[in-house]
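Visitor: Hi! Could you walk me through this one? I'd like to start with the core.

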Amino acid sequence: MSIEIANESGVNVDETSIVSAARFALDKMEVSPLAELSILLVTLEVMEDLHERWMDLPGPTDVMAFPMDELDSSRRPDAPDASPALLGDIVLCPAFAKDQAKTAGHGLIDELHLLTTHGVLHLLGYDHAEPAEEREMFGLQKRILGEFQAAVSAHNRRDAQRTADDRLLGTAGLDTAPAEEPPA
């Protein structure tokens, strides 16, 4: 799965973490590994322009999704190999998301993970215009984010344990491979 990210927002964020959240959401939604996704982080001014131009709504917003190709899940078994499907673009505005994160009581990166997952779901055809759609989409979003956060926590615990083990082995002098004995 190819995920490109470009940060033109002027806000320093962990781009690798955002890509990981997108990849996790796409994997959970069983999207083809041939799929391609683009994530762009922009300034308030750029997001305001996009929001007004494409949604005809004033002011900036937190996330916008621009779907491209439809995923072809109805391919015939004898069709040639699938070509990459360009899912589309997710546009995030970290400056806008900062205030939302503060209101929600979590960090900016957590808010950007939420918005990335939200954008992925929009690219896959989910919406929240109607109450039933909103329940479905937000329920799915909450489940994916919960699983992502659990996976990140487990990874961090393993890394911390590995670091502690390496430190202990180093203290005991067991952190390096035995030196080769000189030839006799």
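Visitor: So which residues have the most contacts inside the largest nonpolar core?
Guide: Those are Leu37, Ile39, Ile90, Leu92 and Leu112, in a core of 30 residues. A nonpolar core here is a set of buried Ala, Val, Leu, Ile, Met, Phe, Trp, Tyr and Cys residues joined through side-chain atoms within 4.5 Å. Buried means under 20% relative accessible area, exposed over 50%, and partly exposed in between (1.4 Å probe, protein chains only).

Visitor: Which elements each supply at least two residues of this core?
Guide: They are α1 (15-28), β2, β4 (86-92), α4 (108-123) and α5 (131-171). The largest share, seven residues, comes from α1. Another core of seven residues lies apart from it, with Met47, Leu50, Met64 and Cys93 among them. Helices (H or I, at least four residues) and strands (E, at least two) are DSSP runs, numbered from the N terminus.

Visitor: Before I go on, what kind of model is it?
Guide: This is a predicted model, where local features need pLDDT of at least 70 and side-chain atom pairs count only at pLDDT 80 or more, while totals for chains, interfaces and linings use all residues. Residues are numbered from 1 along each chain as its sequence is written, and side-chain values use heavy atoms, with hydrogens and water left out.

Visitor: Good. Where is Ile39, and what is it in contact with?
Guide: Ile39 sits in strand β2 (residues 36-41) and is buried, because its relative accessible area is 1%. Leaving aside neighbours within four places in sequence, its contacts (heavy atoms within 4.5 Å) include Ile3, Ile5, Ala22, Ile90 and Leu92. The C-alpha atoms of Ile39 and Ile5 are 4.6 Å apart, although 34 residues separate the two along the chain.

Visitor: Changing topic: how many salt bridges are there?
Guide: The count comes to three, taking a salt bridge as a side-chain nitrogen of Lys or Arg within 4 Å of a carboxyl oxygen of Asp or Glu. Lys28 pairs with Glu147, the closest N and O atoms being 3.0 Å apart. That pair links distant parts of the chain, with Lys28 in helix α1 and Glu147 in helix α5, 119 residues apart. Arg143 also meets Glu147, at 3.4 Å from N to O, and Lys28, Arg143 and Glu147 are linked in a network.

Visitor: And the Arg53 one, how far apart are the closest N and O atoms?
Guide: Arg53 and Asp49 come to 2.4 Å. Both lie in helix α2, four residues apart, about one turn of the helix. Arg53 counts as exposed because its relative accessibility is 53%, whereas Asp49 is partly exposed at 37%.

Visitor: What about Asp62, which has no salt bridge?
Guide: Asp62 is buried, and the nearest side chain of opposite charge, Lys98, is 15 Å away. Lys and Arg count as positive and Asp and Glu as negative; His and the chain ends are not counted. The side chain of Asp62 does make polar contacts with the side chains of Gln100, at 3.1 Å, and Thr61, at 3.3 Å. A polar contact is a pair of N or O atoms within 3.5 Å; within protein, one must be able to donate a hydrogen and the other to accept it, and residues adjacent in sequence count only if both atoms are side-chain atoms.

Visitor: Last one: which residues of α5 are buried?
Guide: Met137, Leu140, Gln141, Ile144, Leu145 and Phe148 are, and what covers them includes α1 and α4.
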